[in-house]
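Here's a quick briefing to read with the model open in your viewer.

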Amino acid sequence: MSLFELTGKVAFVTGASGGLGADAARAYAEYGADVVLFARRKERLEALAKEIEATGRRALAVDGDVTNEDDVKAAVQKAIDTFGHIDILLNNAGVAAAGTVETLTIENWDKSMDINVKGMFLTSKYIVPHMRKQKYGKIVNIASINALLASKDPSLSRHVYNASKAAVRGLTAGMAASYMAENITVNSVGPALFESEMTENTLFKHEAFLNSYNTICPASRPGKKGELNGTILYLSSDASSYVTAQHILVDGGMAIV
Ligand SMILES: NC(=O)c1ccc[n+]([C@@H]2O[C@H](COP(=O)([O-])OP(=O)(O)OC[C@H]3O[C@@H](n4cnc5c(N)ncnc54)[C@H](OP(=O)(O)O)[C@@H]3O)[C@@H](O)[C@H]2O)c1
């Protein structure tokens, strides 16, 4: 248990208003961390902050856009002013735009790359210096199984999502090499299918996709609520002190079949 203990740590979570980000923030608090909740929808962040504070942990809701440098800079400063340090960065904010290179517009492309990749660059840019100073940091970047796997079915094509999530893995490798000597680990996580706002009205409503997912996936089902948290906690805690530049799939075995 003590290897996973996060008491005294502060976790900065992007996309904390959404499904997987909110779940991870709750898990961080359950393991003892105080949390900074960052995303655009303020009411959701404030409601989650209240919920977490009711459990005895501290929570700071800061609304902003991960693609906006001023928003990110201000949120990091607010976190430092409030807590004095940031120990964990969960880069989780993301969007999954549908489309092929033929159907996507330049605006679609830029928006996805900005949220999924530039957002991680910006949060890291402003948080890594604090981690370097304290010689401690755990950075977890949420990629996707779709960094590797794609579909020939046009209704499931997500070319910019594939590209952006592969970029997350490259960014993870580069940062991991630069910062391990400063006691900062940088790893990525590749979820397969989990129910959230991103998927509930798309993939979970796509009967043919869901049937084939359940048929092909060795687990015969999507991931359940909370099943991503163990991997996130592992990579965010001292249990992974000598683990960096890794990509852990949380996919029920999907990628091996
Ligand atoms: N669900 C899955 O099956 C699955 C599978 C593989 C990977 N993932 C990845 O897991 C991560 C979380 O996704 P989810 O499933 O939890 O989806 P979700 O419920 O739609 O949450 C997405 C989160 O990203 C935030 N976000 C989007 N654009 C933002 C921006 N410009 N600035 C700040 N925050 C922004 C949203 O908050 P606001 O709208 O309030 O800003 C929301 O909190 C994503 O990176 C996704 O690619 C999910």
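Which hand does the crossing of helix 1 and helix 2 have? It's right-handed, where right-handed means that the near helix is turned clockwise from the far one by less than a right angle, and left-handed means anticlockwise.

Before going further, keep in mind that this is a predicted model: local features need pLDDT of at least 70, side-chain atom pairs count only at pLDDT 80 or more, and totals for chains, interfaces and linings use all residues. Residues are numbered from 1 along each chain as its sequence is written, and side-chain values use heavy atoms, with hydrogens and water left out. Helices (H or I, at least four residues) and strands (E, at least two) are DSSP runs, numbered from the N terminus.

**Helix 1 with helix 2**

- Helix 1 and helix 2 (residues 42-53) pack at an angle of about 25°, and their axes are 10 Å apart; axes here are lines fitted to C-alpha atoms, for helices over the stretch in contact, with angles running from 0 to 180 degrees between N-to-C directions.
- That angle makes helix 1 roughly parallel to helix 2 (under 35 degrees is roughly parallel, over 145 roughly antiparallel, 65 to 115 roughly perpendicular and the rest oblique).
- From helix 1, Ala22, Ala25, Arg26 and Ala29 meet Leu48, Glu51 and Ile52 of helix 2, a contact being heavy atoms within 4.5 Å.
- By class, this contact of helix 1 with helix 2 has five nonpolar residues, two charged and no polar ones. Ala, Val, Leu, Ile, Met, Phe, Trp, Tyr, Cys and Pro count as nonpolar, Asp, Glu, Lys and Arg as charged, and the others, Gly among them, as polar.

**Helix 3 with helix 4**

- Helix 3 (residues 69-83) and helix 4 (residues 106-134) have axes that come within 9 Å and cross at roughly 30°.
- Helix 3 and helix 4 are therefore roughly parallel to each other, and helix 3 passes helix 4 in a right-handed crossing.
- On the helix 3 side, Glu69, Val72, Lys73, Val76 and Ile80 do the touching; on the helix 4 side it's Leu122, Thr123, Lys125, Tyr126, Ile127 and His130.
- The residues of that contact split into six nonpolar, two polar and three charged.

**Two residues of helix 4**

- Leaving out residues up to four places away in sequence, Thr123 touches Phe12, Thr14, Val66, Val72, Leu89 and Asn91.
- Lys118 also has its place in helix 4, but Lys118 is partly exposed, with a relative accessible area of 34%.
- Lys118 touches Thr67 and Met113, again not counting residues up to four places away in sequence.
- Lys118 and Asn68 are 50 residues apart in sequence, and their C-alpha atoms are 9.3 Å apart in space.

- Helix 7 (residues 207-216) has Phe209, Leu210 and Tyr213 as its buried residues. They cover an arc of only 95° around the axis, which puts them on the same side of helix 7; the arc is that of the directions from the helix axis to the C-beta atoms.
- Over on the other side of helix 7, Glu207, Ala208 and Thr215 are exposed.
- Helix 8 (residues 229-236) is mostly covered, with six of its eight residues buried: Asn229, Thr231, Ile232, Leu233, Leu235 and Ser236.
- Those buried residues of helix 8 pack against helix 1 (19-30), strand 4 (88-91), strand 5 (137-142), strand 6 (184-191) and strand 7 (247-250).

**Loop residues**

- Most residues other than glycine have a negative phi.
- Asn183 has a positive phi, near 65°; Asn183 lies in the loop between helix 5 (159-179) and strand 6 and counts as partly exposed at 35% relative accessibility.
- Ser220 has a positive phi too, near 60°. Ser220 is in the loop between helix 7 and helix 8, and at 45% relative accessibility Ser220 counts as partly exposed.
- Arg41 is found in the loop between strand 2 (34-39) and helix 2, and is partly exposed with a relative accessible area of 33%.
- Not counting residues up to four places away in sequence, Arg41 touches Ser17 and Glu197.

Terms used. Buried means under 20% relative accessible area, exposed over 50%, partly exposed in between (1.4 Å probe, protein chains only).
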